[in-house]
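Good morning, colleagues. Please have the sequence and the structure open before you as I speak.

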Amino acid sequence: MSTPASDLPYWAAWSRYPKIGPTRFARLRQAFPTMAESWRASAQDLRQIGFDDQIIQELLHHRQNTNVDKSWEEIIRLGLNVTTIADDNYPTLLKEISNPPALLYWRGNLDCLTKPTLATVGARRMTVYGQQTVGCLIPPLASAGLTIISGLAYGIDTACHQAALSTGGYTVGVLACGLDQIYPAANNTLGQKIIEQNGLLLSEYPPGVLPLKHHFPVRNRIIAGLAQATLILEATLKSGALITAKLALEYNRDVFAVPGSILSEMSQGTNELLKLGAIPALKAEDILATFNLHNSTVNLTRLLNEMEKMIINALNDEPKHVDELARLLKIPAGEMAAKLTLLELEGIVKNTGQQKFIKLI
């Protein structure tokens with residue numbers, strides 16, 4: 001089943017009025033056979049389905065000032081797709097939440113949401129430890145077939161999208177603004193790369209809607225609603241990531257949290273979640289077991305030569321500088337740098353910045 005093409009412009013036109021949320025959309029759907037008919041409804045018709053007089057006057061004003069055809073032409077011109085809650089391709093898991101969006105705007109590959117889905121969120125002020133947890137967990141999860149869903153924000157979100165893409169996996173960015181823009185703007189290139197690598201960008205907001213502060217907690221319900229489970233990698237006690245975790249619990253979805261130092265503010269949120277019953281995420285297999293999947297990342301250590309094995313054995317979870325490794329293993333600094341570059345390309349080590357490396361296997 002799909003929404004008739006002739007009716008989609010009216011769904012979109014209604015969505016441009018901020019006060020037509022999921023509840024009022026549902027009333028319109030129940031009362032009228034099509035959104036086109038609801039668009040032409042009289043004040044009396046709208047009053048009979050429970051809209052108060054103030055809202056009715058605002059709706060009538062919105063209709064008078066909205067050119068449905070031009071509004072739809074803009075969506076087409078921007079290359080956006082629209083899926084309504086009445087469509088078969090609307091994400092099944094999202095339909096299950098209490099207030100699913102009436103329609104979604106999207107670009108890319110909507111089918112990646114038919115695969116096993118994991119929401120991954122965390123702090124915008126990502127620490128080295130947070131970066132390490134992303135490097136250890138996300139590549140094997142994406143390689144095993146999980147679609148990684150996040151919010152395209154700075155920090156953990158960005159790192160998770162990038163880690164999924166680095167393995168050739170699927171990733172989905174859920175925005176708190178219209179898809180005619182990327183927020184933050186610094187992630188424009190990342191957003192384009194997600195689409196190019198068969199991923200997905202989506203939003204419930206029409207073109208032109210700015211990333212206002214109150215949109216982000218509303219957006220988080222979509223991130224949690226699209227996913228079978230949610231992983232919190234790093235978060236303070238007041239992090240927006242905890243909103244996503246609490247929503248996931250409300251939706252009866254599994255919540256995983258990465259434990260951290262009791263001395264770190266950036267791990268207070270995840271440690272609190274663990275106290276409340278979140279599942280500890282110590283390795284990728286802890287999460288994959290929930291999906292009945294296995295880590296498909298090949299263990300390359302048996303393929304390495306002796307020098308490479310020495311380098312891997314000298315690395316751990318604490319970043320080591322290339323010069324420190326060269327001195328420790330008595331290998332010329334230039335040769336050490338070349339070896340580390342090769343190992344990074346193979347996904348065996350990770351450069352955490354400033355030529356400091358950790359191992360990923």
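What we have here is a predicted model. Its mean pLDDT is 91, and 96% of the residues reach 70 or more. The exception I wish to mention is residues 298–302, over which pLDDT stays under 50. For that stretch the model has five contacts beyond four places in sequence. Where pLDDT is low, the predicted coordinates should not be read in detail.

Helix α1 covers residues 8–15 and helix α2 covers residues 22–31; the angle at which they pack is about 145°, and their axes are 11 Å apart. Their crossing is right-handed. Which residues make the contact? From α1 they are Trp 11, Trp 14 and Ser 15, and from α2 they are Phe 25, Leu 28 and Arg 29.

Leu 28 leads us to the nonpolar cores. The largest of these has 74 residues, and within it Leu 28 and Leu 202 touch the most other members. Helix α1 supplies the largest share of this core, with six residues. Setting aside residues up to four places away in sequence, Leu 28 touches Trp 14, Ile 20, Met 35, Ser 38, Leu 46, Ile 49 and Phe 51. Another core, of 24 residues, lies apart from the largest one, and its members include Val 134, Ile 148, Ala 159 and Phe 256.

Ala 159 brings us to helix α9, where it is one of the buried residues. Why is α9, residues 156–166, described as largely enclosed by the rest of the structure? Because nine of its 11 residues are buried. Among them are Asp 157, Cys 160, His 161 and Leu 165. The elements that cover these buried residues include strands β3 (117–121), β4 (147–150) and β5 (171–174), together with helices α8 (128–143) and α10 (188–196). After α9 comes Gly 168, with a positive phi near 80°.

Finally, I turn to Thr 230, in strand β7, residues 229–232. Is Thr 230 buried or exposed? Thr 230 is buried, because its relative accessible area is 0%, under the 20% cut-off. Beyond its neighbours within four places in sequence, Thr 230 is in contact with Leu 118, Ala 119, Val 121, Ala 224, Thr 244, Ala 248, Asp 254, Val 255 and Phe 256. Phe 256, in turn, is among the members of the 24-residue core.

Thank you for your attention.

Terms used: Residues numbered from 1 in each chain as written. Predicted model: local features only at pLDDT ≥ 70, side-chain atom pairs only at ≥ 80, totals over all residues. Heavy atoms only, no water. Axes fitted to C-alpha atoms, helices over the stretch in contact; angles between N-to-C directions. Helix = DSSP H or I, 4+ residues; strand = E, 2+ residues; numbered from the N terminus. Left-handed = near helix turned anticlockwise from the far one by under 90°. Contact = heavy atoms within 4.5 Å. Buried < 20%, exposed > 50% of the residue type's maximum accessible area, 1.4 Å probe, protein only. Core = buried A, V, L, I, M, F, W, Y, C linked by side-chain atoms within 4.5 Å. pLDDT = per-residue confidence, 0-100.
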